[in-house]
Amino acid sequence: MYKTEIRGPLILGNKTLGQISEEITSPIYQRPKMWWLVGMGISSILMLLGFWGIYVTIATGIGTWGVNNTVGWGWAIINFVWWIGIGHAGTAFSIFLLILRQEWRSSINRAAEAMTVVAVGCAAIFPALHMGRVWDAFFIFPYPNTRGPLWVNYNSPLFWDFIAITAYLLISASFWFLGMVPDFATIRDTTKSKVKKAVYGFFAMGWRGSVGEWKRYEGLAFVLGGIAAVLVVSVHSIVSTDFAVSVEPGWHTTLFPPYFVVGAIFSGFAMVMTLMVIIRKIYKLHDYITDRHLDNVAKILVFVSLIMGTAYLTEIFIAWYSANEYEMFTFFRNRITGEYTVQFWIMFICNALIPQLMWFKKIRHNIKMVFIISLLINLGMWFERFNIVITSLAKDYLPSAWADYSPTFVEVAVFLGTLGIFSFGVLLFFKYIPMIAIHEVKMVNKLKTDKKK
Amino acid sequence: MQDDKKQLLGVFDGEESLVQAFRKFKKENVEISDVFTPFPIHEVLENHGKKTRIITVSWFYGFFAAAAVLAFLYYTAVIDWPLNYGGKPSSAFPSFIVVTLILTIFSVTILSLFTFSARARIWPNVGKPVYHEGATDDKFVIMFDAEKVDAEKVKQLLKDLGAIEIVEKLDSETSIV
C-alpha cells in the first residue's frame, strides 16, 4: 500500500523510537541560543512598534492612517488578507494531505499549524482596528441588545467574515493543540525536570496512550479534519466575497472565491517552505525534514503557481471579453500599463513566472534557490492584495472621485508589529513545543522499518 | 483510589512483538484490560473491544447545530426585528447558508472536543495512574488485571513472547497524572 520503497524512506537515519522522542524534544532542554535571543529581541522591538501604532490608531483614530474617502481600505485590509492567506497553510497541510493519505506531511504539519494559529491571530488585528471604534467591536455579535433590539445584518459578507475568522482561529488552534497532547505526554514522561513535568503534565491532560484514548483521539481527529477541510475552502471564499459582492471594477467577479482560496494556499505553502528551510538548518532536522519533503512542497508550489497564472490571465481575458470599459480601464490602463504597473508586474512575475523555475529538479534540490523563491512568492502575494485593494478603489467610475493612497508611518508600524508578533510566536514555538509531531513521525518511521522485515 | 487493584504489565520494545502478543492473548481468551502505545496501532484499536461513537455523535451535533442556527437566524432576521436592507427580503435563505455552515462547523468542533474530553477523560490534572512511563516514548505495554487472569500463565506467555519486562504493580504504586 505504501510507496515508501519506490520513493525512499520518509525518515532517514534508521532511528529508534526513543531516538525520535529525544531528538525532537532536545530544543526544549537546551539553553536558549544566541540567535534565538537576538530573534526574540528583534521581534520584541517590532512588536513594541506595532503596539505603538495600535495605540495611536485607537487613541487618535483612523485619521492617522493614509486611507481617505476613495481608498477606504488601505494597508490594513491588504495585510489582513495576506496574513489570512498565510494562515491557510497549516490546515491545508494537515487536512488535505491527511485526506490524500500523504504520509510525508507528518514531519511538517505541526509547524504549519503553529504558523497558522499565529498568522490568523495577526490577521484578526486588522479588521478589528479598521472598525474605528474598536471598543465597540462587540456590536458585531448577534445578541439581544438595547439598541432596538438590532440584530446584525446576516446578508453582509463582513459579518460572515467575522464569524469565519473566529471559527477558523478557534478550530485551527484546537486541532493544533489536540495533536500536541500525546507529545506533551512524551515530554512529561521523559523529562527529569520537576517544573517541566508539572507544566507539560498539565497540558498533557492525563494522556497515557491507552486504547480508549487513541481510539477516541482518532475518531475526533477524523471529525475535526473532515469539517476543517470545508472551513479552509470557505474562509477565504468568504474573505473574497468582501470584495466580490461590491460593484468596484476588478472586484466584481465570480472568479474571486477560488482565486482567493488558491492564492491563500499558495502563500501559505510558500511560508511553510520558508519556515521549514530555517528550522531544518537551525535544528539540524535533516533526517525528519528531508530533501524529499521540500521537493514535495516545491512541486505543490509549481502546480498552484500555474493555477495562479491561469487566474490572472482569466481576469485579464474576461476584462477584455466583457467589453466593459471600466474593467478594461482597471486591468489594461491601471494595472498592466498605468500607475500601478510596478505592483502588477511584481505580482505577476513573483507568483506566476518565477515559481515555474521549480519545474527543474536542479532548482528544486537547491535549497537556497527554493528559499529565495518562497520569499519572493510571499512578496508577490502581498502585491497581489495591494493590486486588488488599492488599484480598484483608487480609480473607479468617476474621475472626479479618484484619489491617491500612500500609507502613513502608523500603518506601516502596525504591519511591522504583526511581523514581530508572528516571529515572536514562531520563536516561542521553536523553543517550547515539539516542532514535529512526535507520535505521527513514529508511526511513519514504523512503516519503513516494517517493510524491511 | 477506591480499590487498589493489582495490575500485571508486559512491556515490549517493538510494535511487531506487541501485535504478536496481542493476537496470542486474544486467541488464548485472556482478558487484556488495556494497551498503552506511543502511537495508535490499528490492529489493537480495532480488536481490543473498546468502541467509540464519537463520529456518530458529532454527526448529530452537526445536524442539530445546523437546525438551531437556521432557526436563530430566521427568528432574529424575520420574526423579532425585520430590517429593510435595500428592499431585499428578510428571509434571505441563500445568505443564511454561509453563517449556518460556519457556525455548524464551530459548534461541532466545540461539542466534539468536550465529548472527547469527557469520554476519554482528558483534562488537566485528571488523576489517572501511569503504569509505565515508557509507553509514551518507545515502549509498548500490555496490561492485565492480575486478579482476573491466571497470573502465572500470563507471565509465562509474556516471557515466551519476548517481553523485555514483566511487572506487577498496585494502582497505589503508580504516579498519578
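The model described here is a predicted one. Within the pairing, Q7(B) has D145(B) of β4(B) as its bridge partner. On β4(B), which covers residues 140–145 of chain B, strand β2(B) is also joined, again in antiparallel fashion, by 3 bridges, and here the bridge partner of V35(B) is I142(B). These strands belong to an open sheet of 4 strands, ordered β2-β4-β1-β5 in chain B, with antiparallel pairing. Its edges are formed by β2 and by β5 (165–170) of chain B, each of which pairs on one side only. Between neighbouring strands of the sheet the average turn is 25°, direction being ignored. Helix α1 of chain B, spanning residues 15–27, packs on this sheet and touches β1 (6–12), β2 and β4 of chain B, while its direction makes about 25° with that of β4(B). Strand β4(B) is largely enclosed by the rest of the structure, because 5 of its 6 residues are buried.

The loop that leads from β4 to α5 (151–160) of chain B contains A146(B). With 19 other C-beta atoms within 10 Å, A146(B) is classed as partly exposed, since burial calls for 20 or more such atoms. Apart from neighbours within four places in sequence, A146(B) is in contact with K6(B), Q7(B), L8(B), A151(B) and E168(B). Of these contacts, Q7(B) is the residue already named as the bridge partner of D145(B). The separation between A146(B) and D160(B) is 14 residues in sequence and 18 Å in space, taken from C-alpha to C-alpha.

Taken as a whole, chain B contains 5 helices and 6 strands, which follow one another along the sequence in the pattern β-α-β-α-α-α-β-β-α-β-β. The radius of gyration of chain B is 25 Å, whereas the globule rule gives 16 Å for 177 residues; the chain is therefore more spread out than a compact globule. The C-alpha atoms of chain B fill a box of roughly 80 × 30 × 25 Å along the principal axes. The chain is divided into domain 1, made up of residues 6–51 + 127–176, and domain 2, made up of residues 54–119, and the C-alpha centres of these two domains of chain B lie 45 Å apart. Of the 177 residues of chain B, 36% count as buried. Among the contacts of chain B between residues at least 6 apart in sequence, 79% join residues at least 24 apart.

Chain A, by contrast in its secondary structure, comes to 17 helices and 0 strands. Its radius of gyration is 23 Å, close to the 22 Å that the globule rule gives for 453 residues, so chain A is as compact as a globular protein of that length. Along the principal axes, the C-alpha trace of chain A spans about 75 × 55 × 40 Å. Buried residues account for 50% of the 453 residues in chain A, and 82% of its contacts with a separation of 6 or more are between residues 24 or more positions apart.

M271(A) lies in helix α10 of chain A, which runs over residues 256–283, and it counts as buried because 27 C-beta neighbours fall inside 10 Å. When residues up to four places away in sequence are not counted, M271(A) touches I86(A), A89(A), M115(A) and N378(A). Between M271(A) and T116(A) there are 155 residues of separation in sequence but 10.0 Å in space, C-alpha to C-alpha.

The contact between the two chains takes 54 residues from chain B and 57 residues from chain A. On the side of chain B that touches chain A, at least two residues are supplied by each of β2 (34–36), α2 (42–47), α3 (54–80) and α4 (93–119) of chain B. The largest share of that side, 15 residues, comes from α4(B). By residue class, the side of chain B that touches chain A divides into 33 nonpolar, 10 polar and 11 charged residues.

How values were computed. Residues are numbered from 1 along each chain as its sequence is written. Chains are lettered from A and ligands numbered from 1 in the order in which they are written. This is a predicted model: local features need pLDDT of at least 70, side-chain atom pairs count only at pLDDT 80 or more; totals for chains, interfaces and linings use all residues. Domain bounds come from an automatic or database domain assignment. A residue is buried if 20 or more other C-beta atoms lie within 10 Å of its own, exposed if 12 or fewer, and partly exposed in between; C-beta atoms are placed from the backbone. Two residues are in contact if their C-beta atoms, placed from the backbone, lie within 7 Å. Ala, Val, Leu, Ile, Met, Phe, Trp, Tyr, Cys and Pro count as nonpolar, Asp, Glu, Lys and Arg as charged, and the others, Gly among them, as polar. Two strands pair if DSSP finds at least two bridges between them. Axes are lines fitted to C-alpha atoms, for helices over the stretch in contact, and angles run from 0 to 180 degrees between N-to-C directions. The radius of gyration is taken over C-alpha atoms; the globule rule is 2.2 Å times the number of residues to the power 0.38.
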